[in-house]
Amino acid sequence: MLEGMLIGLQTALSFKMILVVVGGCLIGTFIGMLPGLGPMSIIAIMIPVAISMGDPSAALILLAGVYYGAIFGGSTSSILLNAPGVAGTVATSFDGYPMTQQGKAGKALSIAAIASFCGGTIGAILLMFFAPMLSSVALLFHSAEYFALMVVGLSAIAAFAGTGQVAKAAMMTALGLIMATVGEGALFNMPRFTMGIMDLQSGFGFITLAMAMFALPEALFLVLKPREINDSGSDNIKDMRISRAEARAIAPVIGRQSLQGFFIGVLPGAGATIASFLGYAVERNIATKEEQEQFGKGSIKGLAAPESANNAACTGSFVPLLTLGIPGSGTTAILLGALIALNISPGPRLMIDEPQVFWAVIMSMFIGNFVLLILNLPLIPYIAKVLAIPRNYLIPFILFFTLMGAYIGQNNATELLLLVAFGICATALKFADYPLAPLLIGFILGGMLEDNFSRSMQLYDGIAFIWERPMTLGLLVIAVGLVLLPSYRARRARLSAEGVADGD
Amino acid sequence: MALDRWIALILLGICLAYGYAAWFTMDAGLAPFMQRNPIWPSTFPKVLSVFGMGAALVILFGLEKSEEKIGDIDYRRLHEYKLGQAIVLLVLMVVYAIALRPLGFLGATSGFLIFGSFILGERKWHIMIPVGLIAAFFVWYLVSEVLEIYMRPLPGFLGLGS
């Protein structure tokens, strides 16, 4: 492991890589701060740049830097404007914005920066220990288990989608998988479902789809419903110091939430958003009575908890991506797509075949967190000025970068028309409250899922692999359980609620 | 019927068409040696079509109870939002896609940025035009000189490459 760390440090500490990390973090912070643009859109916009760099470690480091930067920037706009740029930082605004209203914006930003730094760093340390362990287990997996594992991942994403949303998430996953079968697969050497259209021969473009699913609907939402931003905070950021007593109060919170956030992030489907809300709720429940009163009115504990949890969860979500090659969230799905485009297949072999990529990413997490802390603490009052860019200029630029992202990769103007068409469909789906991340995850996993399924079918001459391999069977049972459990629980809750009503 | 169920109906239609293609049209042209294979190109799509139809039916018949929650935007009151601006911007994106090749990157992009802010209600031409031109040139320089991806900067008849 030490050897790996040294290889990683060697790669990550080169001048070019440090530049990439700093650039990625800054871009992420800038764009993440803009209300309405989430990390997925930012990463989708950055992919063409990352791919054209050609070096997989640099690309992954850039995208990871953008990811943390976006989460960090989102917390800044949550604190200053009560307008979270990212869903994962909504919980930050519960206590961050009241602090700004009390004139303690500087302190709130410092606490958020320190909590993020600790969450990210502790997460990276845990990742360093857990990823190799999980990889060595994953090396024992055959294609049958891989198939089953991907099914578990996809059903967990559906199951975590929320009450009443499981069928919609499952539908979106199915749609993503269906879209993945369009075009010429490697396995069969024949075009499928292309309807004779030449442009569909190579399937749908992954970047086009990512842009259409995330960046375009978010931009259109900004057009449809302009947010009233009353910028009061970004001008009076002063006194960023934290007293010793405050530091002592938030230290245990940060420790607990970093651990909890990391493990929530590892689970497929549960990302930074769930981790931050859960972290906030847990800390409120275990706080003393007087401190509980403070929650929601500018409690420093209530600010530190979601901030450390969401950063640790971001790091945690890299575990399934790097060790199994299975993304658990929309963001890591986009990262996986970028890696595949760079001819790297993440999975248990990554650590053996491409140790420099694996360790460079982990080392860059430490560097990225550090950069975010030292760069953003002094610069945040200036960076926050980006919030003052008028939306009349901002929105055309966002739309333009969306178009560019889809165009640069393919150099094909038809791709732009597809982007607009898919974007309109995605906006309609968003109106009807269909989750879009499962579609993209399904689309990206579709090819691998079918490959592993076909390989096991061939090895066992039929679907016998399901019951002849106990681990596969076990995983598939878990997958079915995950999908059915939420509706079973909702049903039981409804029945018992009815029972209570009858009793009255 | 609420929008989510209409969409489920459309998706059901897509799954039916997909399923029809997978179950009835794909296996006809299969080579004899492939037919002995346990897995056919149509196997996985067949499974998917059944799964997709199942999920679409569950939504369509409302088998999964859920309280309706209204998100950021309530589509029933869509006309109260700035729908016109959004549609015109989408049209502008289509125009951009069509004009990008014949007009060249610089012209199309600066036009897109200038008209984009015009549509959103900006009227300060002395800011819009320089911002659009500088941004277009800057992005072109970044993409074609730094990242080395070729994009034709000017219209074709001005004779700068194909």
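Chain B comes out with an average pLDDT of 84, and 89% of its residues score at least 70. This is a predicted model, and its overall scores are ipTM 0.89 and pTM 0.83. Chain A averages a pLDDT of 82, with 94% of its residues at 70 or above.

**Confidence along chain A**
- Helix 8 of chain A has the highest mean pLDDT among the elements of that chain, at 91.
- At the other end of the scale sits helix 22 of chain A, whose mean of 75 is the lowest.
- Over residues 500–504 of chain A, pLDDT stays under 50. The model gives that stretch 0 contacts beyond four places in sequence.

**Where the two chains meet**
- On the chain A side, 54 residues are in contact with 51 residues of chain B.
- The elements of chain A that each give two or more residues to this side are helix 3 (39–53), helix 8 (166–180), helix 9 (206–224), helix 18 (391–410), helix 19 (413–431), helix 20 (437–460) and helix 22 (470–503).
- Sorted by class, the chain A residues that touch chain B come to 37 nonpolar, 10 polar and 7 charged.

**How chain B is divided**
- Chain B splits into domain 1 (1–29 + 42–65) and domain 2 (80–158).
- The C-alpha centres of domain 1 and domain 2 of chain B are 39 Å apart.

**Helix 2 against helix 17 in chain A**
- The axes of helix 2 (residues 15–33) and helix 17 (residues 355–383) of chain A come within 9 Å and cross at roughly 50°. That angle is why helix 2 of chain A counts as oblique to helix 17 of chain A.
- The crossing of helix 2 of chain A with helix 17 of chain A is right-handed.
- Helix 2 of chain A brings Met17(A), Ile18(A), Val21(A), Val22(A), Cys25(A), Thr29(A) and Phe30(A) to the contact. They meet Ser364(A), Ile367(A), Gly368(A), Val371(A), Leu372(A), Leu375(A), Asn376(A) and Ile383(A) of helix 17 of chain A.
- The residues in this contact between helix 2 and helix 17 of chain A are 11 nonpolar and 4 polar, with no charged ones.

**Helix 9 against helix 19 in chain A**
- Helix 9 and helix 19 of chain A have axes that come within 8 Å and cross at roughly 60°, so the two helices are oblique to each other.
- Their crossing is right-handed.
- From helix 9 of chain A, the contact includes Thr208(A), Leu209(A), Met211(A) and Ala212(A). Among the partners on helix 19 of chain A are Glu415(A), Leu418(A), Phe422(A) and Lys430(A).
- This contact of helix 9 with helix 19 of chain A has 11 nonpolar, 3 polar and 2 charged residues.

**Helix 3 against helix 9 in chain A**
- Helix 3 and helix 9 of chain A pack at an angle of about 140°, and their axes are 8 Å apart. These two helices of chain A are therefore oblique to each other.
- Here the crossing of helix 3 and helix 9 of chain A is left-handed.
- Met40(A), Ser41(A), Ala44(A), Ile45(A), Ile47(A) and Pro48(A) of helix 3 of chain A meet Ile207(A), Ala210(A), Met211(A), Phe214(A), Ala215(A) and Glu218(A) of helix 9 of chain A.
- In the contact of helix 3 with helix 9 of chain A, 10 residues are nonpolar, 1 is polar and 1 is charged.

Key:
Residues numbered from 1 in each chain as written. Chains lettered and ligands numbered in written order. Predicted model: local features only at pLDDT ≥ 70, side-chain atom pairs only at ≥ 80, totals over all residues. Axes fitted to C-alpha atoms, helices over the stretch in contact; angles between N-to-C directions. Helix = DSSP H or I, 4+ residues; strand = E, 2+ residues; numbered from the N terminus. Parallel < 35°, antiparallel > 145°, perpendicular 65-115°, else oblique. Left-handed = near helix turned anticlockwise from the far one by under 90°. Contact = placed C-beta atoms within 7 Å. Nonpolar A, V, L, I, M, F, W, Y, C, P; charged D, E, K, R; others polar. Domains from an automatic or database assignment. pLDDT = per-residue confidence, 0-100.
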